[in-house]
Amino acid sequence: MRSDLEIIDEWVQPNIRVLDLACGPGELLHHLIKNKQVNGYGLEIGPDDLNTCIEKGIPVLEQNIDEGLQNFDDQSFDLVLMTHALQQFRRPDLLIDEMLRIGKECIITFPNFGHWRSRLHLALKGRMPVSDFLPYNWYDTPNIHFFTFQDFERLCKEKNIKVLRWAAVDGQLKDHWWIRSMPNLFSETAIFHISR
Amino acid sequence: MPDVISADSVGIVTPQTAHFDTPLPLACGQTLASYDLVYETYGTLNSDASNAVLICHALSGDHHAAGYHAMSDSKPGWWDSAIGPGKAIDTNTFFVIALNNLGGCCGSTGPTSINPETGQRWEASFPIVTVEDWVESQARLADLLGIQTFAAIVGGSLGGMQVLEWSIRFPTRLKSAVIVASAPKLSTQNIAFNEVARQSIRRDPDFFEGNYLDNDSVPTNGLGLARMLGHITYLSDDAMGAKFGRQMRHDSYQYNYGIEFEVESYLRYQGEAFTKRFDANTYMLMTKALDYFDPASQTNGDLSAVLSRAQCEFLLVSFTTDWRFSPERSEEIVNALVKAGKQVSYAKIEAAEGHDAFLFPIPRYMSVLNTFLTRVANRLTTEVK
């Protein structure tokens, strides 16, 4: 069993340039800077998260991703990351385009709304799922787009985006053979490594 | 006047003067044969001289950054809110140096000093000095104080430009750079504001082509006007509105050119107070230093290329309502540093005070500054061990 961080860590080459969008307190970036010696930067707007990054010595820039990423040149990073945030932005499709413009490759993780528990919740209760993993009500959730593992795959196909590899993990961010066999039903978090 | 010195103050401080006899070649082509730099220090230099922090001042700043000169002082130094025991720039940890730059009017050699070659005041003949010249002279002061490498160099506005220049000119002599509310070069609009300020001084009949002291005169009207204009640009529209609104001096309009609105009174007061403490030639010279600064001109306008020389870690800070040195200007530096692969963090602080915000102890600003510098301090101790 590997966690999502371990999975991503395995996929990342050492000494590359990494941009982590909505890096939060910088857990993944810190890991990659220490273990893979990447030249990494995080973007974040939460004051506490920014301070945490600065405290840990993680380069972090206060920038609102919804206002655009025009300040980053085409293909100026080897890897652009976004973990558990894509569902919070206004236009995920355009954001993915931007990520692939800036980075040669991208790794994106997101909550899979196709998980059987979400389906069951909606089917049986007739109400939007609230779980430990997505603990918000429909009216106060920062997650403004809900999509599934398959939805993301389909978007990649429509946009001619190459899926280099994927992984799928459960609520404890661990992978299992049965999740791998039916990721759309069993994964709570999907992890995609993509490029143009 | 402080009745008692509070525990987080550096207390009573005494300025010191360093005299330099090694000629200093200036960007303008002239050479200063000898000069003085006046400075203050707060805190204690550690045994390996690794905990020094240099403070670079802005347009109207000086060496008196923190503490009091006497118990009778009405105000502490200009950045007392950030420098002191337990404050963002913690003097329990750091040895802080603040100086008055060359060309200043607070003790360092400048237009009001005596030119040793003539025995007369320099006045208009004082050469225009640049940010590069200042940094060169600051490095000599560091040599004199036995400091090879600064733990941090910190500055806001024009002070931030000096920090940027340090990182390019002496990459190995600083571990970290803190650049607040600054820019990699002035915008056209900024140069235009400076020109209006200079013209208002130069056109004052009491200016005497810059030799006003020899004529027992001071261009108070021109300098006051320059300061009034500057002051407007340092505040945000909102901050001015909140402070004065349309508050009036009288109950009804007077229909004359006396003071109707409180903001007029405030500006006149600010202008006049400034002329009592500042020299007009120094003000003009400082605005020219701002105008000329453009390190990217060394690399055909490519800021990232010139910053590739830097080796320190950077912290940049901007303020949302600052329109004289807007967040976008700080972001130009940030983007160039990212492009060059440098270690940089950037915070855009929500603040109502406009450009002046860099002098205010805004909690989040102080917290970011302290967090960054605490890490700088922690790394000093781990490196020693």
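In which crossing, left-handed or right-handed, does α3(B) pass α7(B)? The structure considered here is a predicted model, in which local features need pLDDT of at least 70 and side-chain atom pairs count only at pLDDT 80 or more, while totals for chains, interfaces and linings use all residues. Residues are numbered from 1 along each chain as its sequence is written, and chains are lettered from A and ligands numbered from 1 in the order in which they are written.

The crossing in question is left-handed, a term used if the near helix is turned anticlockwise from the far one by less than a right angle, with right-handed used if the turn is clockwise. Helix α3 (residues 188-202) of chain B and helix α7 (residues 280-292) of chain B have axes 10 Å apart and pack at an angle of about 160°, where axes are lines fitted to C-alpha atoms, for helices over the stretch in contact, and angles run from 0 to 180 degrees between N-to-C directions. The pair α3(B) and α7(B) is therefore roughly antiparallel; angles under 35 degrees count as roughly parallel, over 145 as roughly antiparallel, 65 to 115 as roughly perpendicular and the rest as oblique. On the α3(B) side the contact involves I191(B), N194(B), A197(B), R198(B) and I201(B), which meet A280(B), Y283(B), M284(B), T287(B), L290(B) and D291(B) of α7(B), contact being defined by C-beta atoms, placed from the backbone, that lie within 7 Å. The residues of this contact comprise 7 nonpolar, 2 polar and 2 charged, with Ala, Val, Leu, Ile, Met, Phe, Trp, Tyr, Cys and Pro counted as nonpolar, Asp, Glu, Lys and Arg as charged, and the others, Gly among them, as polar.

A further helix pair of chain B is formed by helix α1 (residues 131-144) and helix α2 (residues 158-169), whose axes come within 9 Å and cross at roughly 70°. The helices α1(B) and α2(B) are therefore roughly perpendicular to each other, and α1(B) passes α2(B) in a right-handed crossing. Here V131(B), E132(B), W134(B) and V135(B) of α1(B) make the contact with M161(B), Q162(B), E165(B), W166(B) and R169(B) of α2(B), and the residues of this contact divide into 5 nonpolar, 1 polar and 3 charged.

Chain B as a whole has 10 helices and 12 strands, these elements being DSSP runs numbered from the N terminus (helices H or I, at least four residues; strands E, at least two). Its C-alpha trace spans about 70 × 50 × 50 Å along the principal axes. The radius of gyration of chain B is 21 Å, which agrees with the value near 21 Å that a compact globule of 385 residues would have; this radius is taken over C-alpha atoms, and the globule rule is 2.2 Å times the number of residues to the power 0.38.

In an unreviewed entry, UniProt annotates residues 51-359 of chain B as "domain: AB hydrolase-1". Over residues 51-359 the chain is 36% helix and 12% strand, and the end C-alpha atoms are 23 Å apart. For "binding site", the UniProt record, also unreviewed, lists R227(B) and D356(B). These positions span 130 residues in sequence, yet no two of their C-alpha atoms are more than 13.6 Å apart, so they gather at one spot. R227(B) lies in helix α4 (residues 220-234) of chain B.

Chain A contains 8 helices and 7 strands. Its radius of gyration, 16 Å, is close to the 16 Å given by the globule rule for 196 residues, so chain A is as compact as a globular protein of that length. Along its principal axes the C-alpha trace of chain A spans about 45 × 35 × 30 Å. Within chain A, helix α1 (residues 4-11) and helix α2 (residues 27-36) pack at an angle of about 40°, with their axes 11 Å apart, and α1(A) is therefore oblique to α2(A).

Between the two chains, 18 residues of chain B are in contact with 17 residues of chain A. On the side of chain B that touches chain A, the elements giving two or more residues are α9 (327-339), β12 (344-349) and α10 (363-384), and the largest share, 6 residues, comes from α10(B).

How values were computed. UniProt positions are given in the numbering used here, feature names are shortened, and annotations may be inferred rather than shown by experiment.
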